[in-house]
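I am keeping these notes while going through the structure, entry by entry. I begin with a charged pair and then widen the view.

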Amino acid sequence: MAAESLGSATAAMAAVNQHIDPVLLQQTMNKFSNEMEKISMAEESWDDMVDAFDGDGIEDESDQVLNQVLDELGLEVGNSLANISAPPSSNPISTTFDEEMEEFLATPTSKKQA
């Protein structure tokens, strides 16, 4: 069985090799390599440009502004939470739903389908 599989694979590879021009394949691979090199250089240039505009000073300043905004929001949320009253101890809607759900889950499957 393994010999048959190996023979089939060899035959398939031989058929593919008959249809491939090695010179054309090499030219295509060279073009691909050149284009990948261009992309790599463009990416490196882009990274250098972004790094030039994104210095440490900008990050520090943005962190300070962000922390200030979060502190102000924290104070506002804290003050808002102090004014909220506690929810009622019993909610008849949720109690009814809970009871119905428990009853449904306790019902055998045959009765649910009927």
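Entry on the charged pair. I looked up lysine 38 and glutamate 35 and found that they sit three residues apart in helix 2, so about one helical turn separates them. In this predicted model, the two side chains form a salt bridge, with their closest N and O atoms 3.5 Å apart, which falls within the 4 Å cut-off for such a contact. Glutamate 35 has a relative accessibility of 42% and therefore counts as partly exposed.

Entry on surface charge. Further along, I noted a patch of negative charge on the surface, where Glu43, Glu44, Asp47, Asp48 and Asp51 gather. I checked one of these residues, aspartate 47, which is found in helix 2 (residues 22-53), and I classed aspartate 47 as partly exposed because its relative accessibility is 39%.

Entry on the whole chain. I counted five helices and zero strands in the protein. Of its 114 residues, 0% count as buried, and the accessible surface comes to about 10600 Å², with 60% of that belonging to carbon and sulfur atoms.

Entry on confidence. I recorded an average pLDDT of 79 for the protein, with 72% of the residues scoring at least 70. Among the elements, helix 2 has the highest mean pLDDT (90), whereas helix 5 (residues 109-113) has the lowest (60).

Definitions and conventions
Residues are numbered from 1 along each chain as its sequence is written. This is a predicted model: local features need pLDDT of at least 70, side-chain atom pairs count only at pLDDT 80 or more; totals for chains, interfaces and linings use all residues. Side-chain values use heavy atoms; hydrogens and water are left out. Patches are made of residues with over 30% relative accessible area and no salt bridge: like charges are joined within 9 Å, nonpolar side chains (Val, Leu, Ile, Met, Phe, Trp, Tyr) within 5 Å. Accessible areas come from the Shrake-Rupley method with a 1.4 Å probe; for residues, only the protein chains shown count as cover. Lys and Arg count as positive and Asp and Glu as negative; His and the chain ends are not counted. The place of a charge is taken as NZ of Lys, CZ of Arg, CG of Asp or CD of Glu. Helices (H or I, at least four residues) and strands (E, at least two) are DSSP runs, numbered from the N terminus. Buried means under 20% relative accessible area, exposed over 50%, partly exposed in between (1.4 Å probe, protein chains only). pLDDT is the predictor's confidence in each residue, from 0 to 100.
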